[in-house]
Every structure is written in C-alpha cells, then in structure tokens.
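Biologist: Please go through the labels on this model and say what each one rests on.

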Amino acid sequence: MVPHLITALTGPINELEQRILESMPAIERWFRLEWMEHTPPFYTSVDVRNAGFKLAPVDTNLFPGGFNNLTEEMLPLAVQAAMAAIEKICPEAKNLLMIPERHTRNTFYLTNVQRLVQVFHQAGLNVRLGSLDESIKEPTELTLPDGSHLTLEPLVRTKRRLGLKDFDPCTILLNNDLSAGLPEVLDGLHEQYLLPPLHAGWAVRRKSNHFQAYEEVAKKFAKLLGMDHWLINPMFAKCGQVNFHEGTNIDCLQSNADALLNKIRRKYKEYGIQEKPFVIVKADAGTYGMGIMTVRDAKDLAELNRKTRNKMSVIKDGQEVTEVIIQEGVPTYERINEAVAEPVVYMIDRYVVGGFYRVHAERGIDENLNAPGASFVPLAFAESNQLPKAGMRPGASAPNRFYMYGVIARLAMLAASYELEATDPDAETYD
C-alpha cells in the first residue's frame, strides 16, 4: 500500500520517483564513490516530508531512538548492517558498552534500547548497559512492558578506558544525544571507539551546519540527475543569540523569516504551486520536537504571547534556547487513516534498515508531528520494500516510493558525514 496523497500536486514527485528509478545504477554508484571518501555515521534516522511538489529531509538524528517501531521482518537487515559496521570499525570486537538516555521511566524508549541490544547481540557482541546517571551505584533492573528486564550498571572509568565492573569493551555506543552537555567520564577515551563521536551530540552539534552540508550534497545529487536541487532541499537561515524570555533579538528572527518566506514564494511561483508558504522556527540544537513553531507571516513574531515564548525558550534537559534555525516548511500530504503522516527512515552504517510513519491525528500538514499524541505505523515498510520494482507506474508501488525515501534519507546521512568531518575538533589538517 502506498500512503494516500490527498493532493493533485503529485506530479513532480512522481516525476522525481521515475527519474530516481531510471537512474538507479548511477545513483548507487554515486553513493558508493561518496562512501569511499566519507565515513557514514554509525546509525541515523531521518524525518522526510513529501509535499507532492517537493520531497525533503527536515531532521536528521544521529542518536536515533525508536528502533522498537521497526517490525520483526526488518531485524535481519539491521543485524547485517550492524555486522558490517562493527567489522569495519573493530573486527575483533567482543564487548559493546551501550550508554542510553537517562529517562528510564519512558517504557517506549526502553523498548528501543532492548531492540538495539537484541540487534548487536545477534551481530555477535556481548552487550551491557552503562548509565550516565550518577544515582545508579549498583546494577539496577528495569522491567519492560513485555515482562522482560534490562540491567543498567554504573560506569567504571580508569585513566584511559571506560567500562563496567568486570567488563572491558572495545567499543562504546552512545544512545544518548548529550543535550545536557559533554560528561567528563566520556572525555579522553583514545583507546576505545566512541560511537557516534562526542561532537555529534547536541552539546556541540548545530542543525544549521547539517543543512549547510545537506545543501552541498543535494546540489551534487541534483547535478547527477539534471534537476533543480530545491525539489529535495529545504532552504534555511539561522539566528544566533535570540532570547525568547526577554524578547531580545526577535527582529533578527523576523527579518530572516521574512526573507526566507519571500524566497519560497518565488519558488512556488516558478513551479505554479498554489500554496501559502510557511517556515519552521526551531532550536538549532536539540531534539524530541521541543522548541518548534510554525510561522506563516513574519509579523506574527513581533507579537509572541508568553506561552509561545516559554515553549520556545527551553528544550530537552532544561537547556535554554539562544540559537535558532529558520527552515523552509515542507507540508506533508501523506495520510494514514485520515491522520497526517510523515515517513521516518532508519539506517545503520550506510544501509537503510527500515522505517515507519509518524502519524498525528491532531496536527496539520504544516505542523511538527513529533509531539505528544503521535503514533507509529510500520505500515508500508512492513514488507521488504527495499528493492524497487522496475516498470511500475510512479506513485503506484510501495517499494518504489520507499526506495525514493531511502535515497533522500541516505543523502541526509551523507550530509551528516560531511558535517561531522567539518566540525571534528580532532581532524587532521593537511596543507
């Protein structure tokens, strides 16, 4: 089943699907050459929005939760990809230490941790969980909804290595996005592989750097296919030093939002799109759908009420927002059972391992769906839809539609690879 597109404006995306399918050998070769030059992030999830006239990633997560939303059928792919990733990094690896988020009351998140443990266990590793929570002084058992258990253990740091009591890992996998800052216990681990690296965490990472890198990737890819990169690239601007609490520097936000809305209007006019453009203002660092608002008119930013200012000023772990990215809004015209939906694609190493729909019945086509009340439907990814089917009419085949989503997600993953190289504090420089 291809999700229902409720608009007549499916033309350009069907055209893009056709072009991507026809260019498949060239695309796969292009990716192969890129991966010879660049290292993919260890794992990635990408939120994709399909407007019918435009298809673009709107968020790229380098510490993905939500592996519990992938179906059982997708597990073999995930295990294979995990094997490939580990083989490349540390072929003799035996022990893997995984460090999850601190929110241990969230059973959905814990089920994601359980799924990751399962994947890496089946990839041939002994997996144990270490916690950054200093209140955990001894092994602590957490019960999951299905009655199974996870054990969180206190970290043991020596001068050069990190592990647990009687457990010395070769590799440390972070499933904690470091929103609260860089923990001292993770600093200076030069003898072990730390994946993803510290500068991938939100204490350092910025969305504006990511979308700058994505623009570069989108231009290269669009040149390969002979198309306008705007069709797959959300335009953006950024503002540093905004204070929502005090209402300072909102004029920077306003002028940038106004300029971006004008750029989008010009593009809509060029393509004959009868839509009202909008932009999404969000924290330049951070996740969980916090600190996000939709703006249709820059004038509205001058009159933000207290509730909105409070919502925009703080994100996960109580971090204050001072930098924002203003991103071209990409409406989503996908529906699952009449509710607005967007595909989320999951990757380990350079491989697409599956995905699902994030569905929200109470949100509109121009709003953030990553909010309380969202549900997850592994619907159209439920069967093995990784291999496209030649000769199918565009828009009629789930494998073809999801192959296209996988291509866009891999472009975002490649952009993350560019971004991490550009922001690496330990990068070697060659004159």
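**Labels and their cut-offs**

Biologist: Why does D177 count as buried?

Modeller: The relative accessibility of D177 is 3%. Buried means under 20% relative accessible area, exposed over 50% and partly exposed in between, with a 1.4 Å probe and protein chains only. The value for D177 is therefore in the buried class. The model is predicted, with local features needing pLDDT of at least 70 and side-chain atom pairs pLDDT 80 or more, while totals for chains, interfaces and linings use all residues. Numbering runs from 1 along each chain as its sequence is written, and side-chain values use heavy atoms, without hydrogens and water.

Biologist: What makes the D177 and S179 side chains a polar contact?

Modeller: They come to 2.8 Å. A polar contact is a pair of N or O atoms within 3.5 Å; within protein, one must be able to donate a hydrogen and the other to accept it, and residues adjacent in sequence count only if both atoms are side-chain atoms. Strands are DSSP runs of E, at least two residues, and helices are runs of H or I, at least four, numbered from the N terminus.

Biologist: Which peptide bond is called cis, and what is its omega?

Modeller: The bond that joins L195 and P196, with omega about -20°. Most peptide bonds are trans. P196 is in the loop between β11 and α5.

Biologist: Why is K137 called exposed?

Modeller: K137 has a relative accessible area of 67%, so it falls in the exposed class. A polar atom of the K137 side chain lies 3.2 Å from the backbone oxygen of E134. K137 is in the loop between β5 and β6.

Biologist: How do you know that β3 is largely enclosed?

Modeller: Seven of its seven residues (55–61) are buried, so the rest of the structure largely encloses β3.

Biologist: What makes β2 and β3 a pair?

Modeller: Two strands pair if DSSP finds at least two bridges between them. Six bridges join β2 (residues 43–50) to β3, and the strands run antiparallel, so they pair. D47 has D59 in β3 as its bridge partner. The two strands form a hairpin with four residues between them, and G52 in the turn has a positive phi of about 85°.

Biologist: Which residues put α2 and α5 in contact?

Modeller: The axes come within 11 Å and cross at roughly 145°; axes are lines fitted to C-alpha atoms, for helices over the stretch in contact, with angles from 0 to 180 degrees between N-to-C directions. The contact is made by A26, I27, W30 and E34 of α2 and V217, K220, F221, L224 and L225 of α5, where contact means heavy atoms within 4.5 Å.

Biologist: What does D228 touch, beyond residues up to four places away in sequence?

Modeller: D228 touches A222, K267, E270 and Y271. Its side chain comes to 2.8 Å from that of Y271, a polar contact.
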